[in-house]
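Q: Hi, could you go through this structure with me, one piece at a time?
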Amino acid sequence: MTFKAEYIWIDGTEPTAKLRSKTKILADGAEPPVWGFDGSSTNQAQGHSSDLVLQPVFRCPDPIRGGDHILVLCEVLHTDMTPHPSNTRALLRPVAEKFAGQEPVFGIEQEYTFFAGSRPLGFPENGYPAPQGGYYCGVGADEIFGREIVEKHLDNCLAAGLGLSGINAEVMPGQWEFQVGPLSPLEVSDHMWVARWLLYRTAEEFGVSATLDAKPAKGDWNGAGAHTNFSTRAMREGYEPIITACEALGDGDKPLVHVKNYGTGIEARLTGLHETAPWNEYSYGVSDRGASVRIPWQVGVEKKGYIEDRRPNANVDPYVVTRLMVDTCCSALEK
Ligand code: ADP
Ligand code: MN
Ligand code: MN
Ligand code: MN
Ligand code: MN
């Protein structure tokens with residue numbers, strides 16, 4: 001007997017990478033082996049030397065196919081087994097290892113928007129829906145668009161064993177959020193990429209597409225972010241490390257370095273309106289949803305917990321945001 005392994009990888013599309021996948025049939029009991037693909041079709045190689053390597057790094061049950069079928073997330077390598085430049089996971093590995101003793105964990109809030117054709121799901125064919133106000137965590141067919149897809153996606157993620165911690169409807173019609181974590185840097189990122197693949201794959205069955213575009217509707221509509229909640233063991237135990245982390249993120253060229261790597265179209269979303277801080281002004285504060293970094297109110301009261309970096313765009317690469325935050329905050333906390 002055989003089973004199906006869906007090999008998933010991140011391609012080289014600029015400025016925002018896309019997910020790709022293909023199927024390998026394996027004999028019962030077989031380990032998913034290293035595999036290959038045509039890098040010239042994924043913006044990862046030239047035609048004259050196009051072979052790239054898929055190195056399995058994370059696997060889980062495939063909730064779409066069911067049975068013994070599995071999903072296999074891969075790193076992309078050159079044929080000499082060195083990481084391809086598009087392989088941002090390889091850059092996270094040594095940083096996560098270096099600071100593992102501080103026990104960093106992340107919970108990432110993934111916002112996204114469903115589209116039916118060229119319009120956000122719930123937008124009429126002509127003109128616009130009622131302005132924002134009633135959609136966030138709403139209920140009823142006048143406010144909610146795509147719930148059956150969202151529920152199916154959540155069930156699929158849980159069946160795959162991914163560490164989802166919640167879902168909610170967002171501020172714009174057709175816009176939703178799921179949260180992954182708290183988990184270690186590599187785990188939260190691997191789970192996030194597979195959860196994204198399952199989002200596209202689940203919505204496909206409904207003839208709907210999902211986008212991580214940071215500003216999917218122009219005008220007075222909220223953008224889509226990926227608030228990144230972060231703590232180390234010391235932050236979970238005391239307040240001074242919380243402040244140290246907030247200050248480290250604002251030190252020197254750090255605000256610019258981070259924001260430049262927080263996803264495509266950051267200036268269009270971090271305008272200072274719609275619950276954002278301007279992209280070029282760093283700030284932090286308790287309960288402040290207009291700050292770059294928020295200290296949740298319970299954390300301000302209990303004097304321990306975690307911080308929320310509100311800047312990352314929905315289309316951020318979790319391997320990149322977790323690497324930068326661990327590097328910046330854990331280096332400062334080490335001192
Ligand atoms: P918001 O009020 O910003 O919408 P959410 O409930 O959507 O908050 O998301 C909060 C996230 O914070 C969750 O993903 C949760 O797992 C994460 N989180 C909770 N505690 C911690 C912690 N100590 N360290 C890191 N992340 C945490
Ligand atoms: Mn072929
Ligand atoms: Mn949230
Ligand atoms: Mn949100
Ligand atoms: Mn948030």
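Q: How do H1 and H9 run, roughly parallel to each other or roughly perpendicular?
A: This is a predicted model, and in it helix H1 (residues 89–98) and helix H9 (residues 318–334) pack at an angle of about 25 degrees, with their axes 9 Å apart. Angles under 35 degrees count as roughly parallel, and H1 and H9 are therefore roughly parallel to each other.

Q: And is their crossing left-handed or right-handed?
A: The crossing of H1 and H9 is left-handed. On the H1 side the contact is made by Arg-89, Leu-91, Leu-92, Val-95 and Ala-96, and on the H9 side by Tyr-319, Thr-322, Arg-323, Val-326 and Asp-327.

Q: What classes of residue does the contact of H1 with H9 have?
A: That contact has 6 nonpolar, 1 polar and 3 charged residues.

Q: OK, new topic: which residues come nearest to ligand 1?
A: There are 17 residues around ligand 1, and of these Gly-107, Gln-179, Asn-229, Ser-231 and Tyr-306 come nearest. By class, the shell around ligand 1 divides into 5 nonpolar, 9 polar and 3 charged residues.

Q: Which strand gives the largest share of that shell around ligand 1?
A: The largest share, 4 residues, comes from S6. Strand S6 (105–116), strand S8 (164–169), strand S9 (175–183) and strand S11 (228–231) each supply at least two residues of the shell.

Q: What order do the strands have in the open sheet of 5 strands?
A: The order is S2-S1-S5-S4-S3, and the pairing is mixed. Strand S2 (19–27) and strand S3 (35–38) are the edge strands, each pairing on one side only, and neighbouring strands of this sheet are turned by 40 degrees against each other on average, with direction ignored.

Q: In what sense do S3 and S4 pair, parallel or antiparallel?
A: S3 and strand S4 (residues 51–61) pair in the antiparallel sense over 4 bridges, and Gly-36 stands opposite Val-53 in S4.

Note on methods: Residues are numbered from 1 along each chain as its sequence is written. Chains are lettered from A and ligands numbered from 1 in the order in which they are written. This is a predicted model: local features need pLDDT of at least 70, side-chain atom pairs count only at pLDDT 80 or more; totals for chains, interfaces and linings use all residues. Axes are lines fitted to C-alpha atoms, for helices over the stretch in contact, and angles run from 0 to 180 degrees between N-to-C directions. Angles under 35 degrees count as roughly parallel, over 145 as roughly antiparallel, 65 to 115 as roughly perpendicular and the rest as oblique. A crossing is left-handed if the near helix is turned anticlockwise from the far one by less than a right angle, and right-handed if clockwise. Two residues are in contact if their C-beta atoms, placed from the backbone, lie within 7 Å. Ala, Val, Leu, Ile, Met, Phe, Trp, Tyr, Cys and Pro count as nonpolar, Asp, Glu, Lys and Arg as charged, and the others, Gly among them, as polar. A residue is near a molecule or strand if its C-beta atom, placed from the backbone, lies within 6 Å of it. Two strands pair if DSSP finds at least two bridges between them.
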